[in-house]
Every structure is written in C-alpha cells, then in structure tokens.
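These are my notebook entries on a structure that I looked up chain by chain.

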Amino acid sequence: MFKTYFPIALLLILVLGMAFVIVLLSRFLGRRIPSKDKLSTYECGIEPTGDARGRFPVKFFLIAILFIIFDIEIVFLYPWAVVFKKLKVFGLIEMGIFLFILLIGYFYIVKKGALRWE
Amino acid sequence: MSWLTPDINFKIISPELIILIVALLVLILEPLLKGRSKNILPHISWIGVALALVSVITLWNREELGFNQMFILDNFSCFFKIIFLSGTLLVILSSISYLKEEKIFHGEYFSLILFATFGMMLMASSLNLIVIFLGLEIMSLCLYILAGFRRYDLKSNESSMKYFLIGAFASGFLLYGIAMLYGATNSTNLKEILIFTQGFENPLFLFIGLGLILVGLGFKIASFPFHMWVPDVYEGAPTPITAFISSGPKAAGFSALLRILLFAFGSLHIDWSFVLWILAVLTMSFGNVIALSQTNIKRLLAYSSIAHAGYVLVALVAGGDSGISSAMFYLLAYTFMNIGAFIIIIFLGEKKVNLDDYSGLVTKYPILGITLALFMFSLAGFPPTSGFMAKFYVFSSAIKSGYTGLAIIGVLNSFVSVYYYLRVVVIMFMRAPVDEVQKVPIPFFLGLALLFSVWGTLHLGILPQSFLTLAQNSIFSPF
Amino acid sequence: MNIPILSYMVFSPILGMILVMLLKKEQVQGIRWVSAIFSFIPLILSFFLLANYDPSTSKMQFVEFHKWIPSLGANYHLGADGLSVPMLFLTALLSFVSIIGSFNINFRVKEYFAFFLLLETGMLGVFCALDFFLFYIFWEIMLVPMYFLIGIWGGPRKEYAAIKFFLYTLFGSVFMLVGILALYFTVEPHTLNMMELIRRAPELSRGFQLIVYVAFYLAFAIKVPIFPFHTWLPDAHVEAPTAVSVVLAGILLKMGLYGLLRVSYPMFPKAALYFALPLALLAVINIIYGALVCMAQKDLKKLVAYSSVSHMGFCVLGIAAITVTGISGCVFQMVSHGLITGALFLLVGVLYDRAHTRDIDAFGGLWVKLPVYSGIMTLFCLGSLGLPGLSGFVSEFMVFIGAFPVFKVIVAIAVLGVVLTAGYFLRMIQRIFLGEFNPKWEGLPEISGREIFTVTPLAILMIFIGVYPMPLANMIRATMENIVRLVGG
C-alpha cells in the first residue's frame, strides 16, 4: 500500500511546494507598478456594468441547456470520426441510430417551441 | 489493434426496445397532436407496455448473454420485468382521469414513465455495474421530473427538488462505490467480481466499495437511514407518480441489490449479512413506528413503504434460493397491493389526502371502501391476501436460514403495522361521512386498474402456487 | 363417503355472504332470510355429521385432502374427530341462533349479515382444519369480521373495544405463526400437516417443545382468555352487539381451548406435562378472580362476561389435569358454556333492547311484569351456576373428578368458585326479578316469539346434556383417551 502510493504522495508534495515557491518568489522579486487600467476588472476588454448576480430571462438557461446536449453530440462525433475506418459499416449504422434518437429530441424541441424567442 | 464488433442481440432486448420505441413515439406525437386527439397517447402507452409484457413472457426460460456480457436475459430479469411492467400498466391506466382532473394532461408524462420503466428493465437485466448505474440514472432522471409534474403546486416542486438533490447525492455514492470495486477487482463485470471474491484475499477497498453501493441503492429502496426523502417526496409528487415511485424503482433497486449481494458477493454472505440484519431491523421498526402517528394518507403509505423495504431486506439477509425467490414474490405482491391502495387515493384526488377525509368512505363508495380495506389488510399481512402469503414466505425463508430472531422482530413489526393500517379501515367503516359532495362515477380505466390489482392481491393470496413456482424458477443460481 | 361435507359446511356461509352482497341495501327482509338460510345449511350438515360420526375410533373422519401450495408445504386438509364434531355442531347452532337473534338490527343491515356469515366460515374452518397453514388462515380470517362487527354495531366505546380485541388476538397469533414456522422447519421432511406433526412429536427435543409451546400458548391463552390476558374480554363483550357477544363467548373462547387440545397437548407432550401445574394455578386464578369480579358488577352484561372468565377457568383446570375425565369435562364445559352463556347474552340483549339499560340496580321485581322472560333467564342462570340436572353441573363435576387426583389443593380452592358463582347469579336474580317492583318498568313488553325461538334449542340441549350426558360422553371418549395417551400423563 505504502509502496504504491509513496511516489504519488511525493509528487503531490513536490508539485504543491513548487507552486507555492514560485508564487512567493514573484511576490518578493517582481516589481509592481499599479495603474488604473491594471486594477480594473478584466471582462473581455469591455467595461463591466451592473451587478454580476443580475437576473436574466430563463430563456437563456433553456438555450444553454439545449446547447450542452447537442454539444455533447458533437463531442461524440470526434472520436468516432477517428476510428471510423476500423468500425466500418457497423459504426455508420450505430452513429446513425444515435443521431436519429437525438434528432427525435430536436424535433420535439422545435415542435414544442423551445427555440422560439418571444 | 483488432476491433471486434460487439455482439448485438436485438432479440434479448426486445421488451426494452418496445418500451423505448413507444416512449419515443409518444414523445413525437405529443407536439403533433392537438386538442382532443391527445387522448390516444395513454392508450398507445399502455398497449406498448402490454406488448412488452407479452414479449417478456415469450423470452421466459431462456438464458442468454449479450453486449459483451453486459446484458443478461434470464428468468430473474424476466420476473422483475413482469413486476415493473405490471406496475407501469396500473399506473398508466389509473393516471388518465387524474391528469385531466389536475389539468396536467401532457404526453410527456407517459413518455417519461416509459423511459423510467426502460431504465428499471435495464437495471434488472444488467450484469455489469456500469449498466446498472446507467439504468438507475435513466430511471431516476425521469422520476425527478415526474415528481414535479404538478408545476403550479409548491409541494410538488419541493418533492421534485428534494428527490433530485438526494438522488444525485446517492448516485454519486453508487458511482464512487463502483469505482472502488473496479479498483479492487479490476472489473465492473459481476461475473468477474464473483470470481475475484471467491479468492482468498479481499482488499479493504472491496468492502468500502460494497458499502458505498449499499448506500447508493439504499436511497433507491428507501431503507433506513437513507429514507429521509421518502415522506416529503411521496407527499408532494402527483399521486400516480407516488404509486409508481413506491413500487417500480424500489423493485429495481432490489433487483440490482440482489444481483450484487447474492450473486457477485454471495461468497461473502457472512461479512455483509450482519450489516443488512441491522439495516433490516431498523428499516422495519422505523417505518412502522413513525407511520403510527401520520395523519396524511400519502405520508402514511410512505412510511409503510419504508417498512416494507425492511421486510424485503429480511429476505436478502436470509439469502439462498428461498431468500431470493421470497424477495421477488414479495415485491410482486407489494406492487399489486400498494398500487391498488394508491389507485383509490388517486381517484379521490389531491385535495383529499387527510385521513379524516376518508370518514365514512364505505357508505359513499362501497366498492372503493371495501377494496381499500382489502389492500390495507393485505399490506398489514392478513390472510387470505397476497401480503400474508408474501410475508409468510419471507419469514419462513428467514427461519429456514436460521435467522429466527429476525423473523420474530419482523412478525412483531407487522403486528405494530396492523394498528395504523386498521386506523384507515376504522375511519372508513366506523365514522360518519363528513361531506355530502356529489358522488362521481369511477372512470373506466381506473376501474380496470383497480380490478387488476384486486385480482393480483387475491390471486397471490389464495392460489399463490403458480406465482411461487414462477418465482422459484426465476432465481439466478446464488453462490 | 365421498361427499366433501366439511367443505360444504365451511363454505356455505361464504356463498350466503356473496348472495347478501349482491342484494340491494334496501331489501332488508331478503338479506335477513338469505343469511338465515345459509347459516341453517351448516346446522343441517352438522346433524349429518353427528349421525354419521363413528365414536369407536379416535381417527380423523370425513377427511378431505387436496394439494394447495406445494412450495410452502400447505395443503387443503379438513377432518373431524370427537373434539371437532361437538364444536362444529355448537358453532353451527349458535351462528344460526345468533343470526335469527340479529333480525332486529336495522343499521347497515347488508354489511352486518355479510360479516356475520364470513365470521361463521372462519369459525367452522378453525374447528376442522388439519393443516397448520389453513388453520392459521381461518384463525385470522375470523378476526376481521369480528373486528367490524364490534366496531360498527357496538356500544359507545366500540372503536376502542374493537381495536383492543383485534390487537390482543393478533399479538398472540403472530407468535403462533412463528411457532408454526419453527415446527415446519424442525421436522424432517418439512410438513404442516397437523396429524403428521403429532405423529412426529416424540422426535422434538424437550427444549424446543417448551419454547414452541409458549409461542402457541400465547395465542391460545389470549383467546380463552387465561389470566392475565383476559382484559380484552369485558370490553369486547360489553361493547359488542348481542348476537356478536353470543358468538364471542360461545365459540371464540372455545377456540383457545380447542387449540390447546388439538395442538399444544399432542404436539408438545413434554412441555404440556411441564406446564401442567402452572396452568392449573392460572385456571384457579381465573375461576376465583372471575367470580369475585362478578360479585362486584353493576352491569348485567359485564357480569355475564366475567362469568365467562370464571367458567373458562374450569375448562383450563380440566385440561391441566391431563386425565380422560378432566379433559372430557373440559369439552363438556365448552359445549355447556357455549349453550348457557350464549343464551344468557341473548336474554341480556332482550332486556337491553327494551329497557336500554343494563344496570342491575335499576330493575327490581320484574317477575311480576315479565314472568316468561324471568323464568327463562332464571333457568339459564341456574344452569350456569351448576344446578344438578343441567349441563353446567355435569361438566363442572367431571372437571373436579378428573382433576382432583392430580391437584388436590387446587381443586379444593376451585370448588369455592362454584359457591361464588351461585352467589353472584342468585344476587343478580334477586335484584332484577325479585323484590319490590320498580314502577319505572310498567310498560315493559314481554319476550317475543322470535326471541323465545332463539333460546329454545339452547335450553333443550342444556337440559338434555344435564339429564343424559351419555351420548356426548361416548362421542368424545375415544378422542380424549387418545389425547391423554399422546401426552402420556
């Protein structure tokens, strides 16, 4: 038990120590010249306005969820494409079924009007 | 690197496929159909369930593995599928009028129920911990939504939220346990775990993993101390869904637990049976004692469902052939009597859930009163109903395996339970009716479901032999 | 003989129940007569049993056997011997009489008779079931209608009485269930057949017998009831409607004794011998305690109820003695108490229906106004207190004769119970029927023809057994000898 985990523990200690040391070093050694621009919140180069915890329409949430679902679909497509040649026809059919089921979901979403923005 | 095409065998998953296709069909039809034509959706659903039942029966007495040993078709899984499908059938039939009454008649409801059933069937048939987890998640996610189906009702929202949070928590435990087992045995396949556990050395990980899985599934079957969600969820969820949650997922959890404990870990029976012994005693006692003071019938049945999980745990502790078959018989009997009792609550609606609302029910609706009394007596374990037969079988298997003390505690518990079941009967039969609201005729399909569950309760009680044989033929060979 | 006469007997009331359920709520007369007819059928069949019973053997007769649930080892097995036949007859008779006696029920008539017929099936079933599983099922089935009958049609504290009765009895029977299971798994090959288990009894070890005996004893003792489990009885009897009290006292109490004789004694002989003395002590407590409580009663029905406790003590004493005479005396007492107390409850009901009070002190000098009623009542009271020539005397005498050689001191104390019994019954007769007439009861009507009809057969049998006990004694002798032989006392 000890033997197997000792290297991992050692690595953990080393990594933590290294990170700590580097942060400390830059704190002591680096020069600091603060200016107004440097201290402002970084938000894609745009001035932040309002409260970060502001309310937003639940429609965004719905779209985001739907996006994630179909995003995952794409994620599956990548590894599939890599081994496509090995899987041959089986892979094609299998992915067809997978996409078909998702298509039904998409169809349902569209028909239910989940993507309409009014 | 060579690639092997997975052994796909559509025949052995035909019941699951039927359910899945019907569920998708209902999902597509829901936005397409408008107005009154939506009324066919429940009928499509229950016909699909009936078809799946037929296909399960045609698969009886076959033993086949498929999908790289992940999926197993055996009588054990078939028996559980019969339990799930009959439960689903009853729930769908009794939901129709309820949904219209509550103005939540949407096709998604049926689709979700079917998806949940699909998940349960997957759980019963899996020979791999990952597939068990997959089935559990499919089932649970649908149930979280269904519990909150009465969107306008705060209690329903609370029910859904609580169920979701605690369920997700439990899934985490289960997954962690699976990871531990994988770490210990280098496999998630139950057969390989069985081979491993028969060896001499069992690392500590193995037991930690098993313990975590016990916690994860303990939430699903509502055993002590993982039962806290039960009363709130049962109270808030729409009544048909409460009926559904109390029968199907519980049976599914037990099917997984039976396979894991008595199959994969069968050789370590001595090690885990003690823990389960304590759990069984606490679950039974806790459920029954708290149920004594309930005034809401849904909460009362929630605690009773905890207690019943305890009785099934007794069968698990007993182990062996009779332990497995008695647990299965118990779950079948419980499905009929419990859903049967809920059907009457469904009929009376969400506003009449206090015990006082049942005053003099028998004078107003004699048939409902008498059948509810029948189900109450059955839940209490009174002959000649299925509840008695099931309890008799469970306790006899406990005594057979030498757990006489556990059997005595169980019998005393069912004695305690008689008090609160009888209270319902007292209120229905011996009090004067409270209000003179107009009598509503019993809807046809609800009546059909009621008839079906009465038949189940009496048939399993008076002439149980055929079902006992069925249960005895459908055990997997325990270690 | 191939006619399944016992099945017909047991299930004809169920058939009647189904018919009653099919009738409309408003057809009160129809419901009454259907129930009467379907409870009359078992009575006719029980005459048939009496006529065809062969008293020369202790073997089971009229046996029926069918496979039922092979997986659990349960079979449909009925049969009757010298112990069951008198009980079956008594059950059929009292049920019929009670149903006739319930014709004055006007509230929820349909349910009342349906439950009553179900109750009759349960009671008949218990007395002829020879398979433990079947026995247990009948034993439990009987509880349900009884519970409703007390709980719906009972007196002011009906709910309390019903649930108390139910829980007490159930508490005992769950232990019986565990006992049955333990027996089943101890005997190889496993069996639930009572006759088979009796044959195997010598195989059971003494320790095991003691434990299982206690489990069964709890069930039976609560039913009898033997002190200290008697507290449900006064509540249930007092709150129950008249006809239900009749059945409760006349038949249900006998089930505990029947169970002791059918199950506990032949199956656990070593335990039976071991517990004989404690049982006799409890019996004498029952006798004396019951009688003393009766002395202090103001409520007429409660008095009869406690007199049952006292009389059951005589039965238990006879059983504890383990002699042929003692046990025969117990069976005699079972039959005689069924007849007499059944009639007493009916008569108390008659008075209560008219006067709406059961307070003994409220009456006085009723003999002037109601000579027929008073005469009948006095006759049964004399029967109950053991007047020679009536059945009560025969049975108590047999119990004492049978028990005296075994427990001399205990019997000597128990005889005092007879004196006390005479004391409270005579006191009751004096307060109600003699003395100064209470003018409040000027308008009290005399007992009706239907009510006389219900008590007549009971009176005839009481006198018949009292004067000529030979037929009954002959009928039960072989069986009693067999029981004593099995226990080896």
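Entry 1. I note first that two residues are in contact if their C-beta atoms, placed from the backbone, lie within 7 Å. I also note that this is a predicted model.

Entry 2. I looked up C:V316 under that rule. Leaving out residues up to four places away in sequence, I found that C:V316 touches C:V224, C:I226, C:L279, C:L282, C:A283 and C:N286.

Entry 3. I then asked which residues touch the most other members of the largest nonpolar core. That core has 390 residues, and C:V316 is listed among those with the most such contacts, together with B:Y330, B:M376, C:L88, C:L149, C:L317 and C:L347. Helix α13 of chain B, residues 320-348, gives the most to this core, namely 19 residues.

Entry 4. I traced a hairpin in chain C, formed by β1(C) and β2(C) with 4 residues between them. The two strands run antiparallel and are joined by 6 bridges. As one pairing, I recorded C:E64 with C:L78 in β2(C). In the turn, C:G73 has a positive phi of about 75 degrees.

Entry 5. I turned to the chains. Of the 2 pairs that touch, chains B and C have the most contacts. Chain C brings 24 residues to this contact and chain B brings 27 residues. On the side of chain C, α7(C) supplies the largest share, 12 residues. That side divides into 20 nonpolar, 2 polar and 2 charged residues.

Entry 6. Chains A and C do not touch, and I recorded 46 Å between their nearest C-alpha atoms.

Definitions and conventions. Residues are numbered from 1 along each chain as its sequence is written. Chains are lettered from A and ligands numbered from 1 in the order in which they are written. This is a predicted model: local features need pLDDT of at least 70, side-chain atom pairs count only at pLDDT 80 or more; totals for chains, interfaces and linings use all residues. Ala, Val, Leu, Ile, Met, Phe, Trp, Tyr, Cys and Pro count as nonpolar, Asp, Glu, Lys and Arg as charged, and the others, Gly among them, as polar. Two strands pair if DSSP finds at least two bridges between them. A nonpolar core is a set of buried Ala, Val, Leu, Ile, Met, Phe, Trp, Tyr and Cys residues joined through C-beta atoms within 7 Å. A residue is buried if 20 or more other C-beta atoms lie within 10 Å of its own, exposed if 12 or fewer, and partly exposed in between; C-beta atoms are placed from the backbone.
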